[in-house]
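These are my notebook entries on a structure that I am looking up for the record. I set down each point in turn.

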Amino acid sequence: MALSGIQIYKLLPQTNCKECGYPTCLAFAMKLAAKQVELTSCPYVSEESKVQLEESSAPPIRLITIKSGHHELKVGNEVVLFRHEKTFLNKPGLFITVDDNLSNDQLMEIVKQVDSYKVNYVGIELEVDGFAVLSKTDDEKKFCEVISTIRNVSQKPLIFISKNPKIIEAGLEIISNEVCMISSANSTNWEEMAALAKTHKAVLVVETETIEQMAELTEKIKATGVEDIVLAISASDLSSNLSQQTKIRKLALKNNFKPLGYPTIVYASSVTTATQAITKYAGFLVLEKFSPALVYPLLVLRQNIYTDPQKPIQVQPGVYEINNPKPEDPVLITTNFSITYFSVANEVEGSGLPAWLVVADAEGMSVLTAWAAGKFDAERIAKSIKGFNIAEKVTRKRMVLPGHVAVLSGELEAELPDWEIRVGPREAVDIPKYLKQAI
Amino acid sequence: MQIDIPKDKWQGAVRTITIGATSNDGGSRQKTIKIGGQKTMPFMHFENEIPHRPVVAVEIKDHRPNDWSPLLLEAWKDVVDDPGIWAKAAEELGADLIVLALSATGKEGNPITPEEAISATRSVLESTGVPLIVEGPGQVELDNVVLVAIAEETKGEKLVLGICEDNNYRTIVATAMANEHLVIARTAMDVNLAKQLNILVSDMGLPLDRIIMDPTTGALGYGIEYGFSVMERLRLAALQGDNMTQLPMIVTPGYEAWKTKESKVGVGVPESWGDWLERAINWEVITATTLIESGADIVVLRHPESIKIVKNAIDELMTVSA
């Protein structure tokens, strides 16, 4: 937790020398607390105070970066417990496990699939972040073969999983110019693992049974000079995972408890564990196997939960031409909330039928929400129709309203007397059928 | 190392609500369901005891829903032709509650009549022992006619009648009061709208422990983050002591998830979406469990496999660990 102005003031020289550019040390302290000036502006601050102030200004959850090739993944730096308080910032990294027991053909197939996996969600390309290489056989040669095979195909970041430092070391020796993550250090192997993390500049996963053990172990490891740490606490079920993750997040944010001020990692073998990892605080999520039917919804969930609640994704209001509409084709109207727009646009496009799609400025809300909030009423719709001059583009003035706002059709007829107002389906998925049958 | 875990000490609590009545209390249910009563955010067992678990309600229709995804119809098979048999099958799969969602039309395509609605309700009550939620077709005049008929016919059963919305709640609330039932109050993903409707409904004289609120949600990919945050905010407000938000919450992840293209459509979709059935079930399960962890007390589901997975997740979440 950041220090208050008064707490900072106590660490300053309190001489009011004005060399920082402020009239008093207190004024300077207030500016520091607001993060509007740098501590370096004070020439007389003691070394001791400097250390304390720097520590207090460090983020409560350390930012961890892993990278390889052109891929860079940043995790941590979170500032809230609930996304509505501000926003969740850095999406948890999603990794797929590959083990060294697979045949070469199986391995190649999985790696190729994961590496090339891309899925489009509301115009954004979503993909998997990397591979977690699991040593099942405890054989260094096999472990290295898997890594080489992956690197022949994919440049995505890697996590190495083994409790045996020799295996991890062998893996680290054969990669270069990348920051990978090694998993994991525990109460018995931590000295060797920490040494490896330090030498190879790798991120170190620390694994314990309880958060008390975790706090002790991360302190010991930090004392060896390793700072990029990720926490793995064993959890037997959804309940214990939820309470461990919540306790860690609360201790880091509310108490500025440094020994647990790191992102966490969750290994998931079920859809419900993976779901909880995304909504409740995991920094990294490692899936046991790759299945597009699970990865797609999880990537979407991650995208949804990490959307800034203050900034719903909006599309530009205006007229969108779909499938090259001609003057006699229908005019559809919807709001400028991105999900609403993409649902409607995708359906119209998929139907193969041409239409003019008018996107009204409803302040980024969906049809029902905007209607309830008075941002998508007859007056606003009429204004969009007139403002975008759609009447000049069509010969047949025929407009289709979303089914959810059928109640507006009467008022709209009054606002736009020369238009024919039609009521479309409530759900976007029914638009193709509607266009084929009713238009 | 001794660590002092920061615990929230909340002033308020969610109201405890009982659904259904046994023969001792003037109904015919074999058991009742209690929900609510929490004094912490969801599943924070280390802060306080959690008295009642979230429950799974299973949605059925009064006759074969031809607009449902073929995946659902395949899973339920022929039971969908009879609400009594369907409800029984749902109960056997572990449904804590049944939601009978009435269609706007009867079997012959006629507008549904009060007699048809009563007969469907009766057959569900006779074939099952769990409490029942009955929802009208969602058209104001039709809702009022069928719900009043059902409420009178089943006086004392402590059914939950739905759906009260700001443009239509008076008739439903009045009949719930007169016939000892509960109501669902639904608003569109907004904390203040939810509070407002709860006030309007309770101002008519219906006690707050007979109102369940439905803050609505979007499915995964279709606005779930709004539902998620509105529910977290409502629950925080309840714990902070705001009387008009201290009601248990019902949400409909089954309905929301099964109207998305991802669940409804199996052909002509991107290959990266993966296997249709697996994806569709994941869609419903992820939507449901995300909302359970943000405070839902009742989730209404549709697919048998989702019911199983979500019930297991609730079992795990209710495990008190060290």
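I looked up how α7(B) and α10(B) lie to each other: they pack at an angle of about 20 degrees, with axes 9 Å apart. Axes are lines fitted to C-alpha atoms, for helices over the stretch in contact, and angles run from 0 to 180 degrees between N-to-C directions. α7(B) and α10(B) are therefore roughly parallel, the term for angles under 35 degrees. Helices are DSSP runs (H or I, at least four residues), numbered from the N terminus.

The model is predicted: local features need pLDDT of at least 70 and side-chain atom pairs count only at pLDDT 80 or more, while totals for chains, interfaces and linings use all residues. Residues are numbered from 1 along each chain as its sequence is written, and chains are lettered from A and ligands numbered from 1 in the order in which they are written.

I noted that α7(B) passes α10(B) in a right-handed crossing (the near helix is turned clockwise from the far one by less than a right angle). α7(B) makes the contact through I224(B), G227(B), F228(B) and M231(B), and α10(B) through T287(B), T290(B) and L291(B). Contact requires C-beta atoms, placed from the backbone, within 7 Å.

I then turned to the chains. I found 44 residues of chain B in contact with 48 residues of chain A. α10(B) gives the most to the side of chain B that touches chain A, with eight residues.

Last, I checked the domains of chain A. The assignment, automatic or from a database, gives domain 1 (5–57), domain 2 (64–305) and domain 3 (318–438). The C-alpha centres of domain 1 and domain 3 of chain A lie 58 Å apart.

Terms used:
Contact = placed C-beta atoms within 7 Å. Helix = DSSP H or I, 4+ residues; strand = E, 2+ residues; numbered from the N terminus. Parallel < 35°, antiparallel > 145°, perpendicular 65-115°, else oblique.
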